[in-house]
Amino acid sequence: MEDWRPEDYLRFSDERSRPARDLLARIPLKAPELVYDLGCGPGNSTALLREAYPRAKLVGLDNSPTMLARARKDLPQVKFREADIATWPGDPNADLLYANASFQWVPDHVSVLLRLLRGLKAGGVLALQMPDNLAEPSHRLMRETAKSGPFAKALRHAAGSREVIRTPNEYYTLLKPHCRSLDIWHTAYYHILDGVQGIVDFVSTTGLRPFLDPLDDTTRGQFVDAYRANLAKAYPAVPDGKVILRFPRLFLVAQV
Ligand SMILES: C[S@@+](CC[C@H](N)C(=O)[O-])C[C@H]1O[C@@H](n2cnc3c(N)ncnc32)[C@H](O)[C@@H]1O
């Protein structure tokens, strides 16, 4: 995939930072000393961690150079490192591993979560949030639109880019043997957007990327037109012309 575009991603920073705040609110630590933001993106989640834990040593990790460049620009006092969460070895001194909206991109994320949990010291916390929206019309229609049209061949592998999110029961069964407590919740946010183009804009910097990146400008335009037309049937406008995007997210907070 092409690299992330931080400026476009941050256009919806209110919507994207709200689950980051909700996750933060449930972390059972008062003054962690060493905190990692895994998949820190442009630093929006890191800024919240800094506000919550001003005395902590904070490290942001991401595998996107453009996201890291933006994070370094906005938070020059924080240490940011390029790393792949899938192979990052963890840090036995960490008090908190925090990951807002990144593990859905990590292949075989359950194995990675288990490895990170096992590497935490007693009392350490692993807290994460993942969008659980693959079954929502916004994402189902990406896959359906990709099946036929001049873009179909180029998009035949696009649907496999995101990790399938498991059920809370499955996460509990897999993770609980490795931690003292495990808090799980699932919330649907309802984003009020400017028409179906607002939905295209919202997802085009995240979930739609695997469907846009393999295409040239012409087929990309054709794909987006077809996707937008399908969205219009699934997301009728409310009386003031807005559309409401339902966006479910799963939260896990494990303390070892
Ligand atoms: C949706 S953004 C989340 C950014 C930020 N944490 C937030 O709360 O908005 C996902 C971020 O995860 C990063 N990411 C995805 N897979 C990764 C991996 N395997 N290792 C490190 N970072 C990864 C992406 O580069 C991107 O910056």
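1. Two strands are taken to pair if DSSP finds at least two bridges between them. The model under review is predicted, and in it seven strands form an open sheet of mixed pairing, in the order 3-2-1-4-5-7-6. Strand 3 (79-82) and strand 6 (181-193) are the edge strands, each pairing on one side only. Direction ignored, neighbouring strands of this sheet are turned by 20° against each other on average.

2. Strand 5 (residues 125-131) pairs with strand 4 (residues 96-100) in the parallel sense, over five bridges. Within this pairing, Leu 128 of strand 5 is the bridge partner of Ala 99, and Gln 129 of strand 5 stands opposite Asn 100.

3. With strand 7, strand 5 pairs in the antiparallel sense over seven bridges. Here Ala 127 stands opposite Val 253 of strand 7.

4. Seven of the seven residues of strand 5 are buried, so this strand is largely enclosed by the rest of the structure. In a regular strand, side chains alternate between the two faces of the sheet. Both faces of strand 5 are covered: Val 125, Ala 127, Gln 129 and Pro 131 are buried on one side, and Leu 126, Leu 128 and Met 130 on the other. The β-α-β crossover that takes the chain from strand 4 through helix 5 to strand 5 is right-handed.

5. Helix 5 (residues 109-118) lies across strand 1 (34-38), strand 4, strand 5 and strand 7 (243-255), and runs at about 165° to strand 5. Helix 4 (residues 65-74) lies across strand 2 (57-62) and strand 3, running at about 170° to strand 3.

Technical notes
Residues numbered from 1 in each chain as written. Predicted model: local features only at pLDDT ≥ 70, side-chain atom pairs only at ≥ 80, totals over all residues. Heavy atoms only, no water. Helix = DSSP H or I, 4+ residues; strand = E, 2+ residues; numbered from the N terminus. Axes fitted to C-alpha atoms, helices over the stretch in contact; angles between N-to-C directions. Contact = heavy atoms within 4.5 Å. Buried < 20%, exposed > 50% of the residue type's maximum accessible area, 1.4 Å probe, protein only. Right-handed = clockwise from strand over helix to strand, strands pointing away.
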